[in-house]
Amino acid sequence: MAQMFDASLFRILIEHSFDAITTITRDGRASYVSPVITRVLGYSPDEFLTFDAFEIVHPDDRKAAADRFTELVATPNSSQTTVNRVRHKDGSWRWIETVASNHLDTPHVDAIIASCRDVTERRQATEAVRQAEEKFRSIVESATEFAIFTTDLNGNVNSWNSGASRLLGYDESEVIGRSCRIFFSPEDNERDKAEAEMHDALVQGRGRDERWHVRKDGSQFWGSGWMMPLRDEAGSVRGYLKIFRDMTRTKLAEEALKEASRRKDDFLAILAHELRNPLAAISNAALLLQMPADDRTSEWAPDMISRQTKYLSRLLDDLLDVSRITRGKLRLKNERLDLSPVIAKAIETVRPLVEEKRHSLAFTVSAGGISVVGDPVRIEQVFVNLLSNAAKYTDEGGSISVIAQKDEMATIVVRDNGIGISADMLTRIFEPFAQAEQSLDRSQGGLGIGLTLARSLIDLHGGTISVKSEGAGRGSEFAIRLPLASSENDPETLPANQTLLPPKRTYRVLVVDDNQDSAVSLATLLKVRGYETNIAYDGPAAIELARSFGPDAILLDIGLPNIDGYEVARQIRNSERGKSMFLIAISGYGQEQDRRRSKEAGFDHHFVKPVDFTSLSSLLSERVPNVPK
Ligand code: ADP
């Protein structure tokens, strides 16, 4: 049975509808509006009915609204939905959605029937979403530092930002639809790292991306970022978002730091080893010396102690020099000098090691000498380093040669037929702490800074140092080139003559030191070398012995109690016999001002503790010919 409605029921329906219902005449004026209009736009129905057509529609929307209305009127039985801004009674603009149908031809109706609903909030929400999306898109686009792209569930790219193009080298059109595996290295693809990232994203909410990525051109960069799941409203995963950036520089810096720290640790381990060995040897020798004398011990132990002490001092000197060079504090005391005696001195220094390993050592130098401007101590130090390396890294019975020549520069080549240097080692041999594998068994000793030092010192002299080796077992060759002091041309080479004069007669030396061990040991060493010695432990005793013992030379410690070494020297110089004595200061300090002070006090020479005995004895033998060396 058909439903029956009476007029009052219709009225209730219309007046209680959520939307305001209105009838509009052909010319656009409202002829009826339901009371709901007051809730929607604030006007009473009577007020509403006084408005002209579209009077309260926003001026920007008015024309379009009128056009659409004309369209509606022109099309019988049609309907349309429009959304326009309409002024509320309170003056605000409301988005009103109007669903209108043309009933102009319907008998008894003859009107446009429209229902009006306030959709402002819905519009605002949609607008907010649109703006947020817009904002997000522009952030994604402007984040050119970041590669941001999304993939489907299989990891195939489906969106791509400009940062991704910049970083990975693919245009959006080239990459959409392709698997994100193309950005992974072959090794990572072998281990399905892309899939592992997606898996982590699913299981843990995000997957860490820290790896070398591959660009379109095949080059690699260190990418750092995340892969995250993309969910739809229902929470189901629809794909993945990947965001990462190029952190290659940071990665490399980190690795360099790690490497430096590793090298520092290695260095400390080597240093500890290098210090422990000589100290152990010295303490053993000291123990042996306390035992009843036996010939072998009494010869061997002191020798060993002196060798090890020398080694320790050299180690310390090298370390201090490296630190000075690093801080730019190393100053050269340059003078014009002949290279030949400087190299000869270096050869003398390493001779014990060369002899111990029964190497032959030949030194040839251009006749007429080679003059350069440099610091003799530093140049000698470089050759001591090169020569001791040649001796260390050559098996017993090897041959070492030093050839000094000049063309437009002085060239000195130190060659050995030893263990040689691998191609890899050749490239880093001058770097601090670089040591070849075979020398790491530590049987050769050393800190790996000798060549670093040599290169720095030669640099400071305006020269160069280079290395050659045909490889393992094929020997090594180090060439030093230094600027000549002046033009010289005498290409002939002659063997050098380095023999020093043998001792002829005894000589008196007074040793003055308040440290009894130092005094006795030094005096004993001198005695062993054939000097006649005497010892004083303080200033007054020294002055007295200078008179009564009549020494040719006095080794005088500066830091004496009561009367210091300077005063003792002055008083001795004032005496008749003291004028001709050879006075040597022995001091803990070796700065310029300390040397000047000792010179002013009357000293002929200044030694810094610990005294290098070889230098001391050669000084004595040089100053006074025909005495023991
Ligand atoms: P150290 O000798 O204290 O290790 P250096 O800086 O003097 O340090 O030398 C660095 C490394 O270079 C050595 O450990 C050794 O591996 C290699 N090397 C140096 N000179 C020679 C050489 N003449 N023959 C073979 N290897 C050498």
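Partly exposed describes a relative accessible area between the buried limit of 20% and the exposed limit of 50%. Asp110 has a relative accessible area of 48%, so Asp110 counts as partly exposed. The model discussed here is predicted.

## The loop between strand 4 and strand 5

Asp110 sits in the loop that joins strand 4 and strand 5. Its phi is positive, about 50°, although Asp110 is not a glycine. His108 belongs to the loop between strand 4 (93-103) and strand 5 (111-118). The phi of His108 is also positive, near 70°, and His108 is not a glycine. Most residues other than glycine have a negative phi.

## Aromatic pairs

The structure contains 12 aromatic pairs. Two of them are set out below. A pair of aromatic rings is described by the distance of the centres and the angle of the planes.

| Pair | Geometry | Centre to centre | Angle between planes |
|---|---|---|---|
| Phe149 and Phe244 | edge-to-face | 6.3 Å | 85° |
| Tyr170 and Phe183 | edge-to-face | 5.8 Å | 65° |

Which parts of the chain does the pair of Phe149 and Phe244 tie together? Phe149 belongs to strand 6 (residues 146-152) and Phe244 to strand 10 (residues 237-246), so the pair ties together parts that lie 95 residues apart in sequence. Phe149 and Phe244 are both buried.

The pair of Tyr170 and Phe183 joins two loops. Tyr170 is in the loop between helix 6 (162-168) and helix 7 (172-175). Phe183 is in the loop between helix 7 and helix 8 (186-190). The two residues are 13 residues apart, and the pair links distant parts of the chain. Both Tyr170 and Phe183 are buried.

## Charges over rings

Arginine meets tryptophan at two places. The charged end of Arg123 sits over the ring of Trp95, 4.0 Å from the ring centre. The charged end of Arg206 sits over the ring of Trp226, at 3.9 Å from the ring centre.

## Cysteines

A disulfide is a covalent bond between the sulfur atoms of two cysteines.

## The largest cavity

The search of the whole structure finds 1 cavity of 30 Å³ or more. The volume of the largest cavity is about 520 Å³. Its lining has 27 residues, and the closest to the centre are Ile24, Phe48, Phe54, Val57 and Thr98. Several elements give two or more residues each: strand 1 (20-24), helix 2 (37-41), helix 4 (59-74), strand 3 (79-87), strand 4 and strand 5. Which element gives the largest share of this lining? Strand 3 does, with 4 residues. By type, the lining of the largest cavity divides into 18 nonpolar, 6 polar and 3 charged residues.

## The second largest pocket

The second largest pocket holds about 350 Å³ of space. It is lined by 13 residues, of which Phe136, Arg137, Val140, Thr150 and Ser159 are the closest to its centre. Helix 5 (120-142), strand 6 and strand 7 (157-160) each give two or more residues to this lining. Helix 5 gives the most, 5 residues. The lining of the second largest pocket divides into 7 nonpolar, 3 polar and 3 charged residues.

## A contact across the sequence

Thr364 lies in strand 12 (residues 360-366). Its relative accessibility is 27%, so Thr364 counts as partly exposed. How far apart are Thr364 and Gln405 in sequence and in space? They are 41 residues apart in sequence and 8.5 Å apart in space, C-alpha to C-alpha.

Key. Residues numbered from 1 in each chain as written. Predicted model: local features only at pLDDT ≥ 70, side-chain atom pairs only at ≥ 80, totals over all residues. Heavy atoms only, no water. Phe/Tyr/Trp six-rings, centres within 6.5 Å; stacked < 30°, edge-to-face > 60°. Buried < 20%, exposed > 50% of the residue type's maximum accessible area, 1.4 Å probe, protein only. Lys NZ or Arg CZ within 6 Å of the ring centre and 35° of its normal. 1 Å grid on protein atoms, 1.4 Å probe; cavity = no way out; pocket = protein on both sides within 12 Å on 5 of 7 lines; lining within 4 Å. Points joined across faces, edges and corners; volume = space filled by probe spheres on them. Nonpolar A, V, L, I, M, F, W, Y, C, P; charged D, E, K, R; others polar.
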